[in-house]
Amino acid sequence: MAMLVVLLLLAGCKEIIEYSPYQNIVESKWKKQNISNYNKLLPAAKEPFQPFRIGLIADSHTYYDDFEEQVKYINTCNDLDFIIHLGDITLSANAREFDWYSEIVNKVNLPVLTLIGNHDCLGNGYDIYTEMFGESNFFFVYKGVKFVMFDNIIWEKKVQDPDFEWFDKALANDSDYKYVLPFAHIPPWDAQFTVGNEYLYNQILLKHNLDLSVHGHGHSYAYAQPYDDVNYLSVPSPEKSQLIILDVQEDAITHELVKY
Amino acid sequence: MIKKCFGNLVLISFLHLLSCEVRAQAEADDSLRYEMPKMLKKAYKERTVVIKEDTITYRHRWFIPGQYKLQYAGSIGFMSVGFGYAITQTYQPALFFGYLSENFGGSKNSVVSISLKNSFYFTRQPLFRHFKPYGGLSVTWGNTNNTFKRLPDYYPKEYYFQNKIHFYPFLGGELKFAINNRYFDGVGIYTEFSAMDAYLLEAIRTSYVKPHMALSMAVGLTFYLR
């Protein structure tokens with residue numbers, strides 16, 4: 001009888017088997033989600049520029065209930081093209097936290113592109129992220145706009161500097177893009193950045209004539225110009241019950257803070 | 001995934017067959033019992049020591065573990081081996097060494113776990129002759145990339161909670177059968193459910209994480225030294 005129970009459990013719910021909370025075993029349906037989700041944006045993504053709106057979320061960590069509320073709200077918005085999550089999808093990068101994030105975020109009716117956050121790099125998190133979502137530094141083009149997703153995690157990755165060389169190259173407007181938009185989890189004024197890195201981040205944006213940089217990490221909404229020319233937009237976490245909508249128009253990019 | 005499930009089923013079926021075999025052996029004629037090997041006889045020889053006016057009798061080589069365990073899953077590796085002691089009839093801790101890697105469990109990163117499993121048996125005598133329910137708390141050290149007991153210096157104070165040591169409360173049950181073997185006189189097959197502290201916290205804190213989502217199942221065998 002006991003054996004039968006064991007057999008049923010093993011056959012029925014494989015989720016109950018965990019070899020380690022640090023394991024890097026990603027189910028095939030959840031592999032390289034940023035690539036599969038971008039593919040869902042095709043062929044519209046290849047069309048020439050026309051105005052569109054996207055939703056920005058960040059720092060869902062283990063605020064699962066608030067995150068589910070946010071997903072429900074997003075599914076009532078029918079004027080968004082896709083969603084960008086600005087990182088920190090886990091608290092401690094334990095294997096099941098990645099699974100739980102994937103389960104919730106896949107309830108969004110729109111494709112979601114997920115950046116890496118500092119919490120996601122604890123344990124084997126960095127490797128799990130790359131298995132689950134793809135490269136941590138990546139860019140994509142949507143309707144003539146280039147989205148540059150920059151992995152700027154330092155402490156948790158045990159590096160001195162983020163890959164600024166890649167960032168600089170990726171930000172180049174090499175194909176007559178209408179806009180180039182940088183996204184990174186950590187804002188440059190955070191303690192993870194040295195004075196030099198903070199200065200360099202802003203300088204690279206100035207070099208490419210960019211005036212908007214989007215970040216997570218702070219858990220609260222903010223829109224500021226700490227270094228004069230560049231606007232820094234900070235995306236709130238789900239427990240704030242807010243959604244940022246980025247409105248990419250013909251002549252400007254504006255954003256709305258929606259409370260739900 | 002089907003392959004993995006099938007693997008699990010094969011393992012369980014094998015364990016089941018083994019337990020049937022063992023029961024049949026144990027019920028066989030007692031006169032065929034093996035003699036205890038010299039090594040064990042020597043190890044069990046009682047020694048006495050006189051301290052002032054007290055005479056103390058103790059089992060020589062008390063440190064030899066009385067229980068040898070082989071476990072599948074349970075958050076301490078793909079497979080792990082354990083060495084247990086029957087400190088009392090109810091308190092029987094065991095130290096486990098577990099391993100997980102790409103070729104041994106299918107994880108792209110390998111993990112070495114050391115776990116001290118503190119098991120407390122709920123009954124002195126097994127229920128229905130063979131069943132021994134137990135529960136307890138295990139402490140597990142996980143060694144892999146980027147786990148730390150103390151945060152590296154460059155972090156602000158208390159930026160993260162340590163992620164190397166985790167506590168797992170657990171509940172389990174073992175079916176124990178007598179066997180006739182030169183070295184072992186009993187074998188048990190056990191199943192247990194544990195919950196890592198971090199997962200348990202989410203199960204308590206959020207309604208999204210249901211209690212069963214925090215559970216991790218293990219199955220294993222125990223061989224009891226004579």
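**Close-up 1. Helix H7 of chain A, end to end and face by face.** At 1.5 Å a residue, the 13 residues of H7(A) (residues 195-207) should span 18 Å, and the end C-alpha atoms do sit 18 Å apart, which agrees. The expected span is 1.5 Å times one less than the number of residues; helices here are DSSP runs of H or I, at least four residues, and strands are runs of E, at least two, numbered from the N terminus. This is a predicted model, where local features need pLDDT of at least 70, side-chain atom pairs count only at pLDDT 80 or more, and totals for chains, interfaces and linings use all residues. Residues are numbered from 1 along each chain as its sequence is written, with chains lettered from A and ligands numbered from 1 in the order in which they are written.

Just after H7(A), Asn209(A) takes a positive phi of about 55 degrees.

Close-up 2. Strands E4(A) (138-142) and E5(A) (145-150) pair antiparallel over 5 bridges; pairing needs at least two DSSP bridges. Val141(A) has Lys146(A) in E5(A) as its bridge partner. With 2 residues between the strands, the turn includes Lys143(A), at a positive phi of about 45 degrees.
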